[in-house]
Amino acid sequence: MFFAGSETTSTSIEWAMAELLLNPEAMAKAKAELTRSIGPNRRLEETDIDNLPYLNAVVKETLRLHPPVPLLVPREAKNDTNFMGYSIPKNTKVLINAWAIGRDPDAWDDPLCFKPERFLASKLDYKGQDFEYIPFGAGRRICVGLALAHRLLHVTLGSLIHEFEWKLGGQVTPETLDMKERLGITSRKLEPLLAVPTKRN
Ligand code: HEM
(Lines give C-alpha, C1' and ligand atoms only; values in the text may rest on other atoms or scores of the structure.)
Protein backbone atom coordinates (compact mmCIF):
# COMPACT_ATOMS: atom_id res chain seq x y z
CA MET A 1 0.00 0.00 0.00
CA PHE A 2 2.83 2.40 0.90
CA PHE A 3 4.66 1.53 -2.27
CA ALA A 4 1.63 1.76 -4.59
CA GLY A 5 0.48 4.96 -2.93
CA SER A 6 3.58 7.12 -2.56
CA GLU A 7 5.53 7.23 -5.82
CA THR A 8 2.35 7.32 -7.94
CA THR A 9 1.11 10.40 -6.10
CA SER A 10 4.43 12.29 -5.97
CA THR A 11 5.10 11.55 -9.66
CA SER A 12 1.69 12.89 -10.64
CA ILE A 13 2.24 16.11 -8.69
CA GLU A 14 5.65 16.61 -10.29
CA TRP A 15 4.14 16.15 -13.77
CA ALA A 16 1.25 18.50 -12.96
CA MET A 17 3.63 21.23 -11.76
CA ALA A 18 5.84 20.75 -14.83
CA GLU A 19 2.83 21.06 -17.16
CA LEU A 20 1.57 24.15 -15.31
CA LEU A 21 4.99 25.83 -15.47
CA LEU A 22 5.06 25.03 -19.16
CA ASN A 23 1.53 26.43 -19.61
CA PRO A 24 1.36 29.67 -17.59
CA GLU A 25 -2.19 30.35 -18.77
CA ALA A 26 -3.41 27.13 -17.15
CA MET A 27 -1.43 27.97 -13.98
CA ALA A 28 -3.07 31.42 -13.86
CA LYS A 29 -6.56 29.94 -14.30
CA ALA A 30 -5.99 27.37 -11.54
CA LYS A 31 -4.66 30.08 -9.22
CA ALA A 32 -7.54 32.44 -9.98
CA GLU A 33 -10.08 29.72 -9.23
CA LEU A 34 -8.40 28.96 -5.89
CA THR A 35 -8.25 32.65 -4.92
CA ARG A 36 -11.92 33.08 -5.86
CA SER A 37 -13.12 29.99 -4.10
CA ILE A 38 -10.92 29.92 -0.98
CA GLY A 39 -9.65 33.46 -0.57
CA PRO A 40 -6.25 34.59 0.68
CA ASN A 41 -6.68 33.86 4.40
CA ARG A 42 -7.60 30.21 4.44
CA ARG A 43 -5.92 26.92 3.50
CA LEU A 44 -7.37 24.48 0.98
CA GLU A 45 -9.31 21.64 2.62
CA GLU A 46 -10.78 18.39 1.32
CA THR A 47 -14.29 19.87 1.45
CA ASP A 48 -13.22 22.48 -1.16
CA ILE A 49 -12.38 19.90 -3.84
CA ASP A 50 -15.85 19.72 -5.40
CA ASN A 51 -15.88 23.51 -5.87
CA LEU A 52 -12.67 23.55 -7.93
CA PRO A 53 -13.59 22.31 -11.42
CA TYR A 54 -10.50 23.78 -13.10
CA LEU A 55 -8.12 22.16 -10.60
CA ASN A 56 -10.01 18.91 -11.16
CA ALA A 57 -9.50 19.31 -14.92
CA VAL A 58 -5.75 19.96 -14.38
CA VAL A 59 -5.45 16.73 -12.35
CA LYS A 60 -7.36 14.76 -15.01
CA GLU A 61 -5.35 16.19 -17.89
CA THR A 62 -2.08 15.42 -16.07
CA LEU A 63 -3.13 11.79 -15.52
CA ARG A 64 -4.22 11.50 -19.17
CA LEU A 65 -0.79 12.50 -20.49
CA HIS A 66 1.28 11.03 -17.67
CA PRO A 67 -0.40 8.00 -16.11
CA PRO A 68 2.11 6.95 -13.43
CA VAL A 69 1.35 3.23 -13.99
CA PRO A 70 1.33 3.28 -17.80
CA LEU A 71 0.79 -0.48 -18.36
CA LEU A 72 -1.55 -1.02 -15.39
CA VAL A 73 -1.23 -4.39 -13.62
CA PRO A 74 -0.77 -7.38 -15.96
CA ARG A 75 -3.81 -9.57 -16.66
CA GLU A 76 -4.03 -13.16 -17.86
CA ALA A 77 -6.71 -14.56 -20.15
CA LYS A 78 -8.67 -17.22 -18.23
CA ASN A 79 -10.09 -18.75 -21.42
CA ASP A 80 -9.54 -18.63 -25.17
CA THR A 81 -11.04 -15.26 -26.05
CA ASN A 82 -11.99 -13.37 -29.17
CA PHE A 83 -11.86 -9.62 -28.63
CA MET A 84 -12.49 -7.08 -31.39
CA GLY A 85 -11.23 -9.50 -34.01
CA TYR A 86 -8.14 -10.54 -32.07
CA SER A 87 -7.87 -14.06 -30.81
CA ILE A 88 -6.28 -14.30 -27.38
CA PRO A 89 -5.38 -17.85 -26.28
CA LYS A 90 -5.98 -19.00 -22.71
CA ASN A 91 -3.14 -18.05 -20.28
CA THR A 92 -1.90 -15.17 -22.45
CA LYS A 93 -0.45 -12.37 -20.35
CA VAL A 94 -2.19 -9.13 -21.37
CA LEU A 95 -0.64 -5.69 -20.83
CA ILE A 96 -2.95 -2.69 -21.24
CA ASN A 97 -1.24 0.45 -22.44
CA ALA A 98 -3.15 3.18 -20.59
CA TRP A 99 -0.46 5.68 -21.68
CA ALA A 100 -1.18 5.06 -25.38
CA ILE A 101 -4.96 5.01 -24.79
CA GLY A 102 -4.74 8.49 -23.22
CA ARG A 103 -2.95 9.77 -26.33
CA ASP A 104 -5.08 8.01 -28.93
CA PRO A 105 -5.99 10.53 -31.67
CA ASP A 106 -9.23 8.59 -32.34
CA ALA A 107 -10.38 9.36 -28.79
CA TRP A 108 -8.83 12.77 -28.12
CA ASP A 109 -8.58 16.06 -30.04
CA ASP A 110 -5.05 17.39 -30.13
CA PRO A 111 -3.94 14.47 -27.95
CA LEU A 112 -0.40 15.65 -27.16
CA CYS A 113 -1.51 19.10 -25.99
CA PHE A 114 -2.00 19.90 -22.30
CA LYS A 115 -5.55 21.32 -22.32
CA PRO A 116 -7.40 20.95 -19.00
CA GLU A 117 -10.39 22.70 -20.65
CA ARG A 118 -11.22 19.48 -22.52
CA PHE A 119 -12.51 18.04 -19.21
CA LEU A 120 -14.60 21.04 -18.14
CA ALA A 121 -17.64 20.29 -20.24
CA SER A 122 -17.18 16.54 -20.10
CA LYS A 123 -18.40 13.80 -17.79
CA LEU A 124 -15.29 11.68 -18.38
CA ASP A 125 -13.87 10.42 -15.12
CA TYR A 126 -11.08 8.14 -13.95
CA LYS A 127 -13.35 5.77 -12.05
CA GLY A 128 -12.91 2.98 -14.58
CA GLN A 129 -16.15 3.45 -16.55
CA ASP A 130 -14.69 5.40 -19.50
CA PHE A 131 -12.32 3.08 -21.32
CA GLU A 132 -10.58 5.85 -23.27
CA TYR A 133 -9.32 7.18 -19.94
CA ILE A 134 -8.10 4.65 -17.37
CA PRO A 135 -5.14 6.05 -15.37
CA PHE A 136 -6.36 4.12 -12.31
CA GLY A 137 -7.20 1.01 -14.31
CA ALA A 138 -10.65 -0.58 -14.43
CA GLY A 139 -12.58 -3.63 -13.31
CA ARG A 140 -11.78 -5.79 -10.29
CA ARG A 141 -8.14 -4.76 -10.13
CA ILE A 142 -8.85 -1.01 -10.29
CA CYS A 143 -6.60 1.01 -7.95
CA VAL A 144 -7.84 0.49 -4.40
CA GLY A 145 -6.35 3.84 -3.42
CA LEU A 146 -8.38 5.85 -5.96
CA ALA A 147 -10.47 7.76 -3.42
CA LEU A 148 -7.40 8.61 -1.31
CA ALA A 149 -5.34 9.53 -4.40
CA HIS A 150 -8.16 11.82 -5.63
CA ARG A 151 -8.05 13.76 -2.36
CA LEU A 152 -4.25 13.75 -2.04
CA LEU A 153 -3.71 15.04 -5.58
CA HIS A 154 -6.23 17.86 -5.27
CA VAL A 155 -5.26 19.00 -1.78
CA THR A 156 -1.49 18.82 -2.36
CA LEU A 157 -1.41 20.32 -5.84
CA GLY A 158 -4.07 22.89 -4.98
CA SER A 159 -2.18 23.96 -1.83
CA LEU A 160 1.09 24.34 -3.74
CA ILE A 161 -0.60 26.53 -6.32
CA HIS A 162 -2.65 28.49 -3.80
CA GLU A 163 0.08 29.21 -1.25
CA PHE A 164 3.02 30.05 -3.53
CA GLU A 165 4.11 31.77 -6.70
CA TRP A 166 6.19 29.37 -8.82
CA LYS A 167 8.91 29.72 -11.38
CA LEU A 168 11.30 27.33 -13.07
CA GLY A 169 14.68 26.98 -11.34
CA GLY A 170 18.18 27.21 -12.80
CA GLN A 171 18.52 28.44 -16.36
CA VAL A 172 15.44 26.48 -17.50
CA THR A 173 12.69 28.26 -19.44
CA PRO A 174 9.35 26.86 -20.66
CA GLU A 175 11.05 26.46 -24.06
CA THR A 176 13.90 24.35 -22.65
CA LEU A 177 12.03 22.43 -19.94
CA ASP A 178 12.78 18.74 -20.51
CA MET A 179 9.54 16.70 -20.51
CA LYS A 180 11.08 13.32 -21.38
CA GLU A 181 9.92 10.30 -19.41
CA ARG A 182 11.81 7.54 -17.65
CA LEU A 183 10.06 4.23 -17.13
CA GLY A 184 10.82 2.59 -13.80
CA ILE A 185 8.25 1.35 -11.33
CA THR A 186 6.29 4.41 -12.32
CA SER A 187 6.67 6.66 -15.34
CA ARG A 188 8.60 9.63 -13.94
CA LYS A 189 10.26 12.72 -15.36
CA LEU A 190 13.71 11.82 -16.69
CA GLU A 191 15.07 15.15 -15.45
CA PRO A 192 13.57 15.98 -12.04
CA LEU A 193 11.64 19.25 -12.03
CA LEU A 194 13.38 22.15 -10.32
CA ALA A 195 10.74 24.69 -9.34
CA VAL A 196 11.25 27.68 -7.06
CA PRO A 197 8.46 28.87 -4.76
CA THR A 198 8.06 32.34 -3.33
CA LYS A 199 5.34 33.31 -0.89
CA ARG A 200 2.23 34.52 -2.64
CA ASN A 201 1.66 38.30 -2.60
C1 HEM B 1 -1.97 9.20 -8.69
C2 HEM B 1 -2.19 8.22 -7.85
C3 HEM B 1 -2.38 6.78 -8.25
C4 HEM B 1 -2.50 6.22 -9.51
C5 HEM B 1 -2.49 6.92 -10.87
C6 HEM B 1 -2.68 4.79 -9.31
C7 HEM B 1 -2.85 3.88 -10.34
C8 HEM B 1 -3.01 2.53 -10.15
C9 HEM B 1 -3.19 1.58 -11.22
C10 HEM B 1 -3.25 1.92 -12.71
C11 HEM B 1 -3.33 0.36 -10.66
C12 HEM B 1 -3.59 -0.94 -11.43
C13 HEM B 1 -5.09 -1.02 -11.77
C14 HEM B 1 -5.44 -1.98 -12.86
O15 HEM B 1 -4.56 -2.68 -13.36
O16 HEM B 1 -6.63 -2.01 -13.26
C17 HEM B 1 -3.20 0.52 -9.23
C18 HEM B 1 -3.28 -0.51 -8.31
C19 HEM B 1 -3.14 -0.35 -6.96
N20 HEM B 1 -3.07 0.85 -6.27
FE21 HEM B 1 -2.96 2.70 -7.11
N22 HEM B 1 -2.67 4.52 -7.97
C23 HEM B 1 -2.50 5.71 -7.28
C24 HEM B 1 -2.48 5.88 -5.92
C25 HEM B 1 -2.63 4.88 -5.00
C26 HEM B 1 -2.73 5.08 -3.55
C27 HEM B 1 -2.73 6.45 -2.86
C28 HEM B 1 -2.83 3.83 -2.99
C29 HEM B 1 -2.98 3.41 -1.56
C30 HEM B 1 -2.60 4.08 -0.52
C31 HEM B 1 -2.80 2.86 -4.07
C32 HEM B 1 -2.87 1.49 -3.91
C33 HEM B 1 -2.94 0.57 -4.94
C34 HEM B 1 -2.94 -0.88 -4.74
C35 HEM B 1 -2.81 -1.61 -3.41
C36 HEM B 1 -3.07 -1.45 -6.02
C37 HEM B 1 -3.14 -2.94 -6.37
C38 HEM B 1 -4.61 -3.35 -6.45
C39 HEM B 1 -4.78 -4.77 -6.98
O40 HEM B 1 -3.91 -5.26 -7.67
O41 HEM B 1 -5.83 -5.36 -6.72
N42 HEM B 1 -2.71 3.53 -5.27
N43 HEM B 1 -3.03 1.85 -8.93
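**Pockets and a helix pair**

Q: Which strands each supply at least two residues of the lining of the largest pocket?
A: Strand E1 (75–76), strand E2 (81–83) and strand E3 (86–88) each do so; strands are DSSP runs of E, at least two residues, and helices runs of H or I, at least four, numbered from the N terminus. This is a predicted model, where local features need pLDDT of at least 70, side-chain atom pairs count only at 80 or more, and totals for chains, interfaces and linings use all residues. Residues are numbered from 1 along each chain as its sequence is written, and side-chain values use heavy atoms, without hydrogens and water.

Q: Which lining residues are closest to the centre of the largest pocket?
A: Of its 19 lining residues, Arg-75, Phe-83, Val-94, Ile-96 and Ala-138 are the closest. A pocket is an open set of points on a 1 Å grid over the protein atoms alone where a 1.4 Å probe fits, with protein on both sides within 12 Å along at least five of seven lines; lining residues have an atom within 4 Å of a point.

Q: What about the second largest pocket: what gives the most to its lining?
A: Helix H1 (2–22) does, with eight residues. H5 also supplies at least two residues. The lining has 30 residues in total, and Ala-4, Gly-5, Thr-8, Val-69 and Cys-143 lie nearest the centre.

Q: Changing topic, how do H2 and H5 cross?
A: The axes (lines fitted to C-alpha atoms over the stretch in contact, with angles from 0 to 180 degrees between N-to-C directions) of H2 (residues 24–38) and H5 (residues 146–163) come within 9 Å and cross at roughly 90°.

Q: And which residues of H5 make the contact?
A: Gly-158, Ile-161 and His-162 of H5 meet H2 residues, including Met-27 and Leu-34; contact means heavy atoms within 4.5 Å.
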